[in-house]
Amino acid sequence: MADTTDNTATGTAATPAPRKSSWKYIGPGIVVAATGVGAGDLVATLIAGSNFGYTLLWAAVIGCLVKISLAEAAGRWHLSTGRTLFDGWASLGRWTTWFFVVYVVIWGFVYGAAAMSSSALPLQALFPDVMDLKWWGVACGLVGLVFVWFNKYEVFEKVMTVLVGVMFVVTVYLAIRVTPNLGEAFAGLLPVLPDEKDSILNTLGLIGGVGGTITLAAYGYWVNAKGWTNTGWMKVMRLDNRVAYATTGIFVVSMLFVGAELLHSADVAIASGDKGLIQLSDILEDKYGTATAKFFLIGFFATSFTSLIGVWHGVSLMFADFVARYRADRAASASASASGSASASASAPASGEKVASGERERSWPFRLYLLWLTFPPIVLLFQGQPFRLIILYGVLGAAFLPFLAGTLIWLLNSARTPREWRNGPVSNAMLAIAGLLFLILCVKQIWDQPWSEFF
């Protein structure tokens, strides 16, 4: 099963693997880059540039390298084993299932509202007299729902590619427009910490915040949806993944340039969160004119909306895979009970064999999670986000990347992975560094929560 040539796991027509990697095949990397870089990532990098100039440019670059290792590991698991990441998690014990279920339920509920609000902000700024921010958010959520509901991966990838093109043009244009100091920028590639309190944690936060959380885990599902199902596609996947984080790197470095030149040099502070980008729009209008400000808002919308539809599609695929695995396990257990033997349970098929990826996009679990991401969060847009839920959301979100890094190390060093595709020293080192980094950030996130007010 590790090296088959059919595409039954994806529901697509058989596509022979290429003899060598080629730019013409890339696609899932563009999707993961677009989904992973949201408005929050751009604001965090902008603020880093505003506070420290070019000093932390090296941290943004390391953040891209760390995420390359995580996404590559997820893609390698899918291609080398023919099994999905959730199959791998399930093989490690029931605790992974419970963590995933609690995570996607709470995270999806809160993230849905955040994604809709983030997409709505630039639209309201562009068209202030059309409707209220909340209704713009509802409209974005419904458009995302309809788009993902009725389109398959091929169309989804094409739309994401167009929106990434918009993001790329806008961010690079702004970086050029502010006339970066290239000498200082190159000096920023040297690993130096700012001479300020909590500089280490701020630096680790920037490294960890460059592009993607659960979307890194979704990368393997998009790889399969593309029709890449065996090790013949490994070189293509690795090229695709590098393109993804090279693109991510250009986005965040461009925004760091903007922060360093436009805000740091003028000693201008902006708010954290998505509203900081609206403030940046006002600053751009004052300095460069209305056209530049509106151009930036279009890029802001592309950044936010790609994250919305990317999560709507990718995490719904993962949820559908979880349900398929759960149903397969239940059926195997029932069969084992009926026969009085556990052998049926031991031979339970992988979820990828139960529900093809093309079928998953039309399955009721996929669409159920789409509805969960869209309609319950609308309530939060109008009533505000419940305090306790926000704390749990923050803790679970911080815990996911240590969970992902740790489980990938476990899976890719075990007999679950064919020997030739197991981790080498470099892969293990990068995943271990990622795991330690995200564990530190997770502990900090948990420590910073106002637990006394929670109970």
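Hi everyone, let's start with a pair of helices: the axes of helix 7, residues 153-177, and helix 11, residues 234-264, come within 8 Å of each other and cross at roughly 35°. This is a predicted model, by the way, and I'll come back to confidence at the end. The crossing of helix 7 over helix 11 is left-handed. So who touches whom here? From helix 7 we have Val 164, Met 167, Phe 168, Thr 171, Val 172, Leu 174 and Ala 175, and across from them in helix 11 sit Thr 247, Ile 250, Phe 251, Ser 254, Met 255, Phe 257 and Val 258. Sorted by class, that contact has 11 nonpolar residues, three polar ones and no charged ones.

Next, please look at helix 3, residues 57-81, and helix 9, residues 199-208. Their axes come within 7 Å, crossing at roughly 45°. At that angle, helix 3 and helix 9 are oblique to each other, and the crossing is right-handed. On the helix 3 side, the contact uses Trp 58, Ala 59, Ala 60, Ile 62, Gly 63 and Lys 67, while helix 9 brings Thr 203, Leu 206, Ile 207 and Gly 208. How many charged residues does this contact have? There is one, alongside six nonpolar and three polar residues.

Now for helix 5, residues 94-126, and helix 18, residues 387-412. These two pack at an angle of about 140°, and their axes are 9 Å apart. Roughly antiparallel would need an angle over 145°, so helix 5 counts as oblique to helix 18. Their crossing is left-handed. The list of residues in contact includes Trp 95, Phe 99, Tyr 103, Trp 107 and Phe 109 from helix 5, and, among others, Leu 389, Tyr 393, Phe 400, Phe 403 and Trp 410 from helix 18. By class, this contact has 18 nonpolar residues, three polar ones and no charged ones.

Please keep Phe 109 in view for the aromatic part. The structure holds 29 aromatic pairs, and one of them joins Phe 109 to Trp 372. Their ring centres are 5.5 Å apart and the planes sit at 35°, so this pair is tilted. Phe 109 belongs to helix 5 and Trp 372 to helix 17, residues 364-383, so the pair ties together parts that are 263 residues apart in sequence.

Finally, confidence, as promised. The chain averages a pLDDT of 86, with 89% of the residues scoring at least 70. Where pLDDT is low, the predicted coordinates should not be read in detail.

Definitions and conventions. Residues are numbered from 1 along each chain as its sequence is written. This is a predicted model: local features need pLDDT of at least 70, side-chain atom pairs count only at pLDDT 80 or more; totals for chains, interfaces and linings use all residues. Side-chain values use heavy atoms; hydrogens and water are left out. pLDDT is the predictor's confidence in each residue, from 0 to 100. Axes are lines fitted to C-alpha atoms, for helices over the stretch in contact, and angles run from 0 to 180 degrees between N-to-C directions. Helices (H or I, at least four residues) and strands (E, at least two) are DSSP runs, numbered from the N terminus. Angles under 35 degrees count as roughly parallel, over 145 as roughly antiparallel, 65 to 115 as roughly perpendicular and the rest as oblique. A crossing is left-handed if the near helix is turned anticlockwise from the far one by less than a right angle, and right-handed if clockwise. Contact means heavy atoms within 4.5 Å. Ala, Val, Leu, Ile, Met, Phe, Trp, Tyr, Cys and Pro count as nonpolar, Asp, Glu, Lys and Arg as charged, and the others, Gly among them, as polar. Rings of Phe, Tyr and Trp (its six-membered ring) pair if their centres lie within 6.5 Å; planes under 30 degrees apart count as stacked, over 60 as edge-to-face and the rest as tilted.
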